[in-house]
Protein chains: 2
Amino acid sequence: MERIERHASHDGYQEVWKHASVTLGCEMRFGVFLPNAALQGRKCPVLYWLSGLTCTEQNFITKAGAQRYAARHDIIIVAPDTSPRGDDVPDDPGYDLGKGAGFYINATQQPWARHFRMYDYVVDELPALIEAGFPASDARAISGHSMGGHGALTIALRNPGRYRSVSAFSPIVAPSEVPWGEKAFTAYLGRDREAWKQHDAVALIGTTTGRLPLLVDQGADDEFLASQLKPEMLRAACQEAAYPLELNLRPGYDHSYYFIATFIGEHLDHHAKALR
Amino acid sequence: MERIERHASHDGYQEVWKHASVTLGCEMRFGVFLPNAALQGRKCPVLYWLSGLTCTEQNFITKAGAQRYAARHDIIIVAPDTSPRGDDVPDDPGYDLGKGAGFYINATQQPWARHFRMYDYVVDELPALIEAGFPASDARAISGHSMGGHGALTIALRNPGRYRSVSAFSPIVAPSEVPWGEKAFTAYLGRDREAWKQHDAVALIGTTTGRLPLLVDQGADDEFLASQLKPEMLRAACQEAAYPLELNLRPGYDHSYYFIATFIGEHLDHHAKALR
């Protein structure tokens, strides 16, 4: 593991590290914000942030402005890249498949199965690395945007007890039923839609034993709202399963980091309460 | 003038506009954050932000997180591009001359003299455009980073009464005496160093009649500190001229937007007090 960036930020440090990922079979990068308390050697809880399509580890750390709130709450934020990377990793001409589009699943189909294992990477390898290499406690939270919101919700729903809180911005709540998810799941998981349900928040809500309250923010003017995101499906599934959901539809806001930067402080507050 | 981006942000809108600049003889872009008060038609004061080398109108608006504070104080922020642009505009292979490196001067030398007139653009054309086209009052403040910090300081010092407040992050305080400035001023203004003094904050401090308090933040671990920035020269010049200066040397911080994002709220506070 090697540190490749280090910038003072809000009395802590925003760093970027690279390491050889066993799970993904390639070199990976992640951003990590270390609040001052962590620099002093105090073990801090960790928020995992999963980014959306086309993003790397850079987008969230440069644009969301989350460091201010993480510093206030003594929270470490870990922001991994969104897919395996490198010349050996298969890709697709579309922005929504292959590199930059890992979808936080373990692929079973060729040519993807060797490297596209972002589910295992985020659930197991990355936390083990963080908890061994940084002053991080095992109190974990998870959040993300769009494809990463899908990742955060599905990973939290499938792993009761592993995270103390979960939230999402503009998540793809029902990938099995929208074009982005149908394309990616067909490629990565094959045509059997039964296998898709393990990676579909709306399908998982009725099956999980956990009851981790969901906080979801969604821009009402999001260009992908009606075609890809469909928050009303999450609302209906949560109602049916009596699953606690706070869904904020924000008038005027779109799918961009300007939206995330506006409400990220509220999400950090949400996680800080659970992580305390 | 045409709007090319619009994103809800902190209860207001972050927009990007393009227009044909008479001063620069090319199409120019600028970012403008409109707080909710401005959307309601109330005239708001304007902070002009001048960016540094290699930047466009995008860097500050996506990375600094200033919108939160501008929203709190009902301040419009205008962030222009850093040079003329387009195929007709001369350029240089270096990142520190030509496009992305306007240095907020009016060039007198060829091939630069036709287009490189960022001083007139920022002082006259842009404020006229903003005050005619947006709900902006004529209460102005100015700030910037690095080359843009140099721009903010020199423009404020040369135009007493035009701005109510000024601040800078990591400014080039004495461009006449450091490599970035010597290269640019030789190209844009010629070899006569007497002409350079009009664009050198340290040289101007002793000559100006105004007394607009300077707020300057500088990272102590800035990679350009000793070679290009030399804040101690500004401190000495201000002491000699009895010019009010608050210079904060920030341990650990570098030249990046992580530094700006950490302290931008304090700069907005500084400007809000003067603009009220």
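**Cysteines, chain contact and salt bridges**

Modeller: A search over all chains of this structure, which is a predicted model, turns up zero disulfides. The reason can be followed at Cys55 in each chain: the sulfur of A:Cys55 has its closest cysteine sulfur in A:Cys26, at 17 Å, which is too far for a bond, given that a disulfide asks for sulfur atoms within 2.5 Å. In chain B the sulfur of B:Cys55 is likewise 17 Å from its closest cysteine sulfur, in B:Cys26, and too far for a bond. A:Cys55 counts as buried, at 6% relative accessibility, and B:Cys55 is also buried, at 6%.

Turning to the place where the chains meet, the contact draws on 23 residues from chain B and 22 residues from chain A. About 1800 Å² of area is buried between chain B and chain A, and carbon and sulfur atoms give 46% of that area. On the chain B side, at least two residues each come from strand S1 (2–9), strand S2 (12–21), helix H2 (58–63), helix H3 (67–73) and helix H11 (257–275). That side of chain B is made up of eight nonpolar, 10 polar and five charged residues. Between the two chains the count of salt bridges is zero, while 13 residue pairs are in polar contact across the interface.

Over all chains, however, the structure holds 26 salt bridges. One of them joins the side chains of B:Lys183 and B:Asp96, with 2.7 Å from N to O. This pair links distant parts of the chain, since B:Lys183 is in helix H6 (residues 179–189) and B:Asp96 is in the loop between strand S5 (76–80) and helix H4 (118–133), 87 residues apart. B:Lys183 is partly exposed, at 35% relative accessibility, whereas B:Asp96 is buried, at 10%.

A salt bridge also forms between B:Glu131 and B:Arg140, whose closest N and O atoms are 2.7 Å apart; here B:Glu131 is partly exposed, with a relative accessible area of 22%, and B:Arg140 is buried, with 10%. In the salt bridge of B:Arg250 with B:Asp217, the closest N and O atoms are 2.5 Å apart. B:Arg250 lies in strand S9 (residues 245–250) and B:Asp217 in strand S8 (residues 214–219), so this pair ties together parts that are 33 residues apart in sequence. Both B:Arg250 and B:Asp217 are buried. In chain A, A:Arg3, A:Arg6 and A:Glu15 are joined into one network by salt bridges that share partners.

Methods:
Residues numbered from 1 in each chain as written. Chains lettered and ligands numbered in written order. Predicted model: local features only at pLDDT ≥ 70, side-chain atom pairs only at ≥ 80, totals over all residues. Heavy atoms only, no water. Buried < 20%, exposed > 50% of the residue type's maximum accessible area, 1.4 Å probe, protein only. Contact = heavy atoms within 4.5 Å. Buried area = accessible area lost by both parts, 1.4 Å probe. Salt bridge = Lys/Arg side-chain N within 4 Å of Asp/Glu carboxyl O. Polar contact = N/O pair within 3.5 Å; in protein donor to acceptor, adjacent residues only side chain to side chain. Helix = DSSP H or I, 4+ residues; strand = E, 2+ residues; numbered from the N terminus. Nonpolar A, V, L, I, M, F, W, Y, C, P; charged D, E, K, R; others polar.
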